[in-house]
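Hi,

Here is the structure I promised to pass on. My notes on what turned up follow right below it.

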Amino acid sequence: MKPYLSFLKLRISVGLQYRFAAITGIFTQFFWGAMYIFIYEAYYKMGTASPMPWEQLVSYLWIQQAFFALIRFSYNSSDICDSIITGQVVYELVRPFNIYWHWYAQTFAGRLSNVLLRFSPIIIVALLLPDKYALHFPASFASFVLFLLTLILGLFLSISLTMIIYGIMFYTTSSRGIFNIYGIIAEFFAGSTLPILFMPEFFQKLAYMLPFRLIVDLPFRLYIGNISVQEGCISVMLQIIWIVIFVTIGNLIMNNARKKVVSQGG
Amino acid sequence: MSLYFKSILIFIKSEFEYRASFIFSLLASALNTFFILASALILMDTFGGIGDWKINEIILLTGIASFGHSFVEMFGRGLDHFYKHIKNGLLDRLLVRPRNITFQVLCSNFEFYKIGRLIESVIFLIYGIITINVEWNIYKGVVILLMILGSLTLFFSIVLIKASFSFWAIEGMELMNIISNGGRDLSSYPIDIYQKWFAAFFTYVIPFGCVNYFPLLYLLDKGNPPFWYGLTPLVTVIFCGLCFMLWNFGLSQYKSTGS
């Protein structure tokens with residue numbers, strides 16, 4: 001019994017450590033949310049017609065903060081990046097696992113646990129704020145269901161893209177730069193830096209052609225009721241198609257890299 | 001000083017060893033600020049401005065904030081990532097060396113690739129200075145210089161706070177990023193666009209308003225500003241002094257965790 005108890009104690013203390021990180025994370029997300037809302041408030045005071053009603057925008061910004069870890073494109077497992085750079089990856093490659101799905105699961109778990117620790121307090125407090133700054137309830141039950149579905153599919157899509165970058169890292173060994181550039185461009189065209197509705201027409205068209213908006217813009221605007229349920233259903237198909245494409249590409253790159261991998265000593 | 005340049009040179013050389021990585025990182029750091037400013041410009045275009053501020057004034061403020069931030073990010077990275085030194089025990093090694101600790105910490109890290117963002121912020125600065133509608137005289141020239149130096153001092157003070165904070169709590173670094181990265185982004189706009197309490201905090205507690213809002217009012221002659229508005233960036237020197245006291249206090253309290 002004793003070893004189990006000490007194991008339990010250990011797990012709890014590890015959990016508590018993460019809880020402190022989660023609390024500071026929640027506070028941080030609140031700060032950013034408030035800052036963006038104040039900036040937009042100053043813009044809305046100009047009285048010009050806006051492409052997004054105020055209540056919808058505020059909800060959009062709060063959901064964005066709540067699910068921040070889920071939609072952060074530059075997120076990657078530093079274990080995986082380090083293993084490629086240091087050569088540890090060789091040990092992974094000799095194991096009887098499929099490295100693609102192994103890493104897929106690892107990255108997926110990392111992001112999901114990060115979000116699960118943080119999102120609920122942000123949502124709850126944001127719902128309770130004074131009406132003008134509060135997160136509102138989803139537009140309808142159908143749009144809420146679609147929001148959850150597209151958010152999760154979006155996570156699959158996002159990780160399929162991350163996997164391709166892991167694959168590219170086998171060839172270049174420059175993880176930091178590639179991940180950062182990818183993150184910044186993807187976040188812009190996903191609607192994280194600026195909601196896509198505010199963008200000039202040219203950028204909007206570009207954003208609609210790229211897959212990134214299906215990860216952020218689509219679920220968030222479904223929640224606030226800015227995208228109809230009908231359009232949402234079609235977009236789900238689109239998400240699935242993109243996932244299949246990127247998983248295939250990722251597997252091709254990874255398999256190819258595996259055949260050619262040269263371990264640079266150790 | 002020559003010792004400092006030597007250590008910087010070593011870091012630059014090591015970064016050039018991974019040339020592709022260096023170029024990508026440089027591009028990434030520049031792109032980030034670019035997209036943030038682009039978003040602001042798009043919004044200003046959509047809404048026809050913000051408050052009674054014009055686009056080139058926002059570009060100037062973005063330049064000032066981003067210059068101070070990226071300069072300190074580049075040269076002050078040692079302090080910025082100081083919490084790692086406490087974790088891995090490097091501080092203990094530094095303490096036994098016969099040199100100033102702050103100096104050694106500053107030498108301990110240097111990220112040359114941030115130069116992308118630094119150059120970009122200089123471009124914003126120059127564009128802002130050329131295009132804003134100001135009747136220039138020598139005093140106003142001094143004011144703009146004070147704004148730039150004030151921003152630098154302020155962001156340096158912030159990494160000092162960050163480093164001091166890590167003597168007591170290593171895990172809360174994300175919170176500290178609020179005032180460094182958050183400060184950069186929020187001071188890209190004049191502080192008066194925010195809610196009163198928010199603006200007050202970032203003027204009287206952390207003096208962002210003193211390097212952007214008050215001196216800018218003076219430069220633009222908005223609402224008959226008294227001449228001392230132009231001198232408010234000097235407040236950052238006092239602020240920096242306080243931060244140094246905090247840092248020294250932290251150092252004097254430091255007890256190694258062993259290992």
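D221(B) counts as exposed because it has 12 C-beta neighbours inside 10 Å; the cut-offs are 20 or more other C-beta atoms within 10 Å for buried, 12 or fewer for exposed, and partly exposed in between, with C-beta atoms placed from the backbone. You'll find D221(B) in the loop between α12 (208–220) and α13 (235–253) of chain B. Helices here are DSSP runs (H or I, at least four residues) and strands likewise (E, at least two), numbered from the N terminus. Most residues other than glycine have a negative phi. N224(B) also sits in the loop between α12 and α13 of chain B, and has a positive phi of about 45 degrees without being a glycine. N224(B) is exposed, with 6 other C-beta atoms within 10 Å.

Before you read on: this is a predicted model, where local features need pLDDT of at least 70, side-chain atom pairs count only at pLDDT 80 or more, and totals for chains, interfaces and linings use all residues. Residues are numbered from 1 along each chain as its sequence is written, while chains are lettered from A and ligands numbered from 1 in the order in which they are written.

Now chain A as a whole. Its secondary structure comes to 11 helices and 0 strands. Of its 266 residues, 38% count as buried. Taking contacts in chain A between residues at least 6 apart in sequence, 80% join residues at least 24 apart; two residues are in contact if their C-beta atoms, placed from the backbone, lie within 7 Å.

How many residues does each chain put into the contact between them? Chain A gives 30 residues and chain B gives 33 residues. On the side of chain A that touches chain B, the elements giving two or more residues are α1 (2–44) and α8 (175–190) of chain A. The largest share of that side, 13 residues, is from α1(A). By type, the side of chain A that touches chain B has 19 nonpolar, 10 polar and 1 charged (Ala, Val, Leu, Ile, Met, Phe, Trp, Tyr, Cys and Pro count as nonpolar, Asp, Glu, Lys and Arg as charged, and the others, Gly among them, as polar).

On to the core. The largest nonpolar core has 122 residues, and L157(A), I64(B), V159(B) and L160(B) touch the most other members. The term covers a set of buried Ala, Val, Leu, Ile, Met, Phe, Trp, Tyr and Cys residues joined through C-beta atoms within 7 Å. Helix α9 (residues 138–165) of chain B gives the most to this core, with 14 residues. Leaving out residues up to four places away in sequence, V159(B) touches V72(B), G76(B), L79(B) and D80(B).

So what packs against α9(B)? One partner is helix α10 (residues 173–186) of chain B, at an angle of about 165 degrees and with the axes 9 Å apart. Axes are lines fitted to C-alpha atoms, for helices over the stretch in contact, and angles run from 0 to 180 degrees between N-to-C directions. That makes α9(B) roughly antiparallel to α10(B) (under 35 degrees counts as roughly parallel, over 145 as roughly antiparallel, 65 to 115 as roughly perpendicular and the rest as oblique). The crossing of α9(B) and α10(B) is left-handed; a crossing is left-handed if the near helix is turned anticlockwise from the far one by less than a right angle, and right-handed if clockwise. On the α9(B) side F155(B), I158(B), K162(B) and F165(B) take part, meeting M176(B), I179(B), S180(B) and G183(B) of α10(B).

Helix α3 (residues 55–75) of chain B also packs with α9(B), at about 45 degrees with the axes 8 Å apart. That makes α3(B) oblique to α9(B), and their crossing is right-handed. Among the α3(B) residues in this contact are I64(B) and V72(B), and the α9(B) residues include F155(B) and V159(B). The contact of α3(B) with α9(B) divides into 12 nonpolar, 3 polar and no charged residues.

α3(B) packs with α12(B) as well, at an angle of about 140 degrees and with their axes 10 Å apart. This crossing is right-handed. E57(B), L61(B), I64(B) and A65(B) of α3(B) make the contact with V211(B), N212(B) and L216(B) of α12(B).

Last, have a look at Q104(B), in helix α7 (residues 101–107) of chain B. Q104(B) is buried, with 20 other C-beta atoms within 10 Å. Apart from residues up to four places away in sequence, Q104(B) touches L94(B), R97(B) and R99(B).

Cheers
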